[in-house]
Amino acid sequence: MTSPGHPLEPGSRLTRVGMRIALVALVALAAIYYFAIWRTPTEASQGFAQKIFYLHVPAAWNALLVFSVVGIVSALYLWLKDARLDHFAAAAAEVGVVFSAVMLTTGPLWGKPVWGAWWQWDARLTLTLFLFFLYVGYLSLRSALHDPAERARFSAVVAILGLVLVPFVHLSVYLFRTIHPLPVVLKPSAPSLPGSMLEVLLFSLAVHTLLALGFIIARYGLLRTEAARIGERNG
Amino acid sequence: MRDAIVAAFAIAGKDLRAELRSRTALVSALVFAALILVVFSFSRDPARLAPADLAPSALWITFAFAAMTALNRAFSVEREHAALDALLLAPIPRESIYLGKLLGNLAFVFAIEAVTLPLFAVFFNARIGASLGGLALTSVLATTGFVAVGTVFSAMTVRTRFAELMLPVLLLPFMIPPLIGAVQVTVRLFADRPLSEVVGWLRLLAVYDVVFVTLSLVVFPSVVDE
C-alpha cells in the first residue's frame, strides 16, 4: 500500500480497481455457466456442443474489440507521444491475446462434433488466427526492446499497420472460402435464436467485456507502477 | 517533391551498387531460392502429387522466403559504421530514405524472382511462356505489398535482439493477403483461365500496395526519429 501523492500511487490504485472489476466479472461468469448449461434450450442440430457459443462468441467479440482499441490508442500515441497511451496499448494487447486464445481453443472444441474436424481453414478462423499471431509478434517485439521510447514507437507502428491489415486478411481469406456459421445476432433481420439464448448471450457479452476491462485496468496499473519505479531508480 | 524522389533513387542506387560490387548477398539469396525449390520438389509423394499441383505454392513460398532474406539485411548493412545516422543527418526528408530503401529492396527481390522463375519452370515442368506477362504483373503487385511493410519492419527489428527471427514473426501475417492473392492468380494463369477470373484478385493486390506503401511512408519517420 502506497501513500497518496507517492509516484507509485496512481498505478497501484488502478491495479486494485482493475482486480476488483475482474473479480466481479469472474463471479458473474460462474452465473453464466449456470444459465448456459441449465437454463437455455439445447440446440436441435448441434446438441450440447452449442453451449460453447456463450463463451466463444463473447471471447471473439472482446478479442476483436480490444485489438481495435490497441490500434487506435497506438495511433494516438504516435500523435501525442504520451507514455500512458503506450502502457494502455500494451496492457490491452496482452488481454486481447488471452481472449483470442480462449476463442481459438473453444472454436475447435465446438468444431470437432459439429464440423467433424478440429480445424478448418475457414475465413473467420483464419483471420483470428493471424490476429493472434500478429499480437503475439507485437508482444515479443516489445520484450525484445529495452529503450521505453523506442519500444513505444515501434510497437505503435506494428499495431497501426495491423489494424489496417485486418480488412485485407478478412477479404482474402473470405474469397478463399468460408464455412463459418453465418451471423445469427448482428444481421439485417431480427436475431434468429430463441429469446433465452439471446439473453444469456448478451449477458455473457457484457460480463466478458467487463472482465476484459478489469484485466486491462489491472495490467495498465502494473505497467504504470513499473514505469514509475524505473523512473524513480533512474532519478 | 522532385528532390525527394531524386534522393530516394540515389539511396536505392547506392544499395544496388554495393550489392553488385560484393555480389555475395545476391548469389547466396539465389542459391537459397533454388534450394527451396529443390526441397519442395522432394517434399511430396511423387506417385500421388504431380509437380504441377504443387507449382503455384512452391513458387510463392520460394519468393516469400527469398524476400525475407533480402529484407533481413536491408537495414543491418546500415547499422555497420552507423551508416543510418549519416543517412538521417543528410538534408533529405525521411520519406526519401524509406522510398530509397524500398526501391533497393524491390530491385533485389525482383532480380531473385527473375532468375528463380526459369529454374522453377524447369524443376516443375511448368509452361510459363504463355502466362509470362500475367506472372510478371502478379509478381510486381504481390511483392511490392509485402516488401513495403517488410522495409519498415526491417528498420525496427534491426534494433532488437534476434532480428533474424523477429522479422519473419512480424512480417508473415502481412504476407498472407498478397500470398493468397498471388497463388490464386498463378493457379488460374497456369490453367489458362480467362483474365476476367483474376481481375478481382489483381485489384485486391493493387489496393494492398497503395494502402501499405502510403501508410509505411507515414509511419516510417516514427521508426527512425528518436
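Student: What percentage of the 226 residues of chain B count as buried?
Tutor: This is a predicted model, in which local features need pLDDT of at least 70, side-chain atom pairs count only at pLDDT 80 or more, and totals for chains, interfaces and linings use all residues. Residues are numbered from 1 along each chain as its sequence is written, and chains are lettered from A and ligands numbered from 1 in the order in which they are written. A residue is buried if 20 or more other C-beta atoms, placed from the backbone, lie within 10 Å of its own. In chain B, the share of the 226 residues that count as buried is 43%.

Student: Which pattern does chain B follow along the sequence?
Tutor: Helices (H or I, at least four residues) and strands (E, at least two) are DSSP runs, numbered from the N terminus. Chain B has nine helices and zero strands. Read along the sequence, the pattern is α-α-α-α-α-α-α-α-α.

Student: How many residues of chain A are in contact with chain B?
Tutor: Two residues are in contact if their C-beta atoms, placed from the backbone, lie within 7 Å. On the side of chain B, 23 residues are in contact with chain A. On the side of chain A, the number is 24.

Student: Which element gives the largest share of the side of chain B that touches chain A?
Tutor: The elements of chain B that give two or more residues to this side are helix H7 (132–157), helix H8 (163–190) and helix H9 (199–224). The largest share, nine residues, comes from H8(B).

Definitions and conventions
A residue is buried if 20 or more other C-beta atoms lie within 10 Å of its own, exposed if 12 or fewer, and partly exposed in between; C-beta atoms are placed from the backbone.
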